[in-house]
Every structure is written in C-alpha cells, then in structure tokens.
Amino acid sequence: MASLAWLLIPLLAAVGAGLWALLAHRNRESGKTGDISELNGYAAFRKAMEKTHSRTDAV
C-alpha cells in the first residue's frame, strides 16, 4: 500500500502541472498579456504626458 502512495505523488504532480500549463496558455491567448498590449499602454501614457495644458491663472 505504501508503494501505491509513492506512485500517486508523481501522478498528482503531473496532473497539477498539466492544469497549470492549461491555465497559463489560456491567459496568454486572451490578449491580456504580451508586448502589443504593453506597447499600446505605453503609447497612451506618452500621448497623455505630451499634451500641453493651458493655464489661465498665473501662479
């Protein structure tokens, strides 16, 4: 019986690794990660920072 327990440990680890791989792959396909979305966010940030704001009150 003890030998079956030792055989179940790597089996459960392999199943856990497979589930983790499926979740990691699903998140990458959703488009929420990656260079394109990062670059789009950076471009929006730069555009917002480059805007000139006119102030009517002198400080």
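Me: Where does Leu 12 sit?
Reply: Leu 12 is in helix H1, residues 2-29. Helices here are DSSP runs of H or I with at least four residues, strands are E runs of at least two, and both are numbered from the N terminus. Bear in mind that this is a predicted model: local features need pLDDT of at least 70, side-chain atom pairs count only at pLDDT 80 or more, and totals for chains, interfaces and linings use all residues. Residues are numbered from 1 along each chain as its sequence is written, and side-chain values use heavy atoms, with hydrogens and water left out.

Me: Is Leu 12 buried or exposed?
Reply: Exposed, with a relative accessible area of 59%. Buried means under 20%, exposed over 50%, and partly exposed in between (1.4 Å probe, protein chains only).

Me: And how much of the protein is buried?
Reply: Of its 59 residues, 0% count as buried.

Me: OK, helices. How many helices and strands?
Reply: Two helices and zero strands.

Me: What's the count of buried residues in H2?
Reply: Zero among its 16 residues, so H2 is hardly covered.

Me: Switching to charges: which side chains meet in a salt bridge?
Reply: Arg 46 and Glu 50, at 3.3 Å, N to O. The rule asks for a side-chain nitrogen of Lys or Arg within 4 Å of a carboxyl oxygen of Asp or Glu, and by it the count comes to one.

Me: Where are Arg 46 and Glu 50 in the fold?
Reply: Both lie in helix H2, four residues apart, about one turn of the helix.

Me: How exposed is Arg 46?
Reply: Arg 46 is partly exposed at 42% relative accessible area, while Glu 50 is exposed at 53%.
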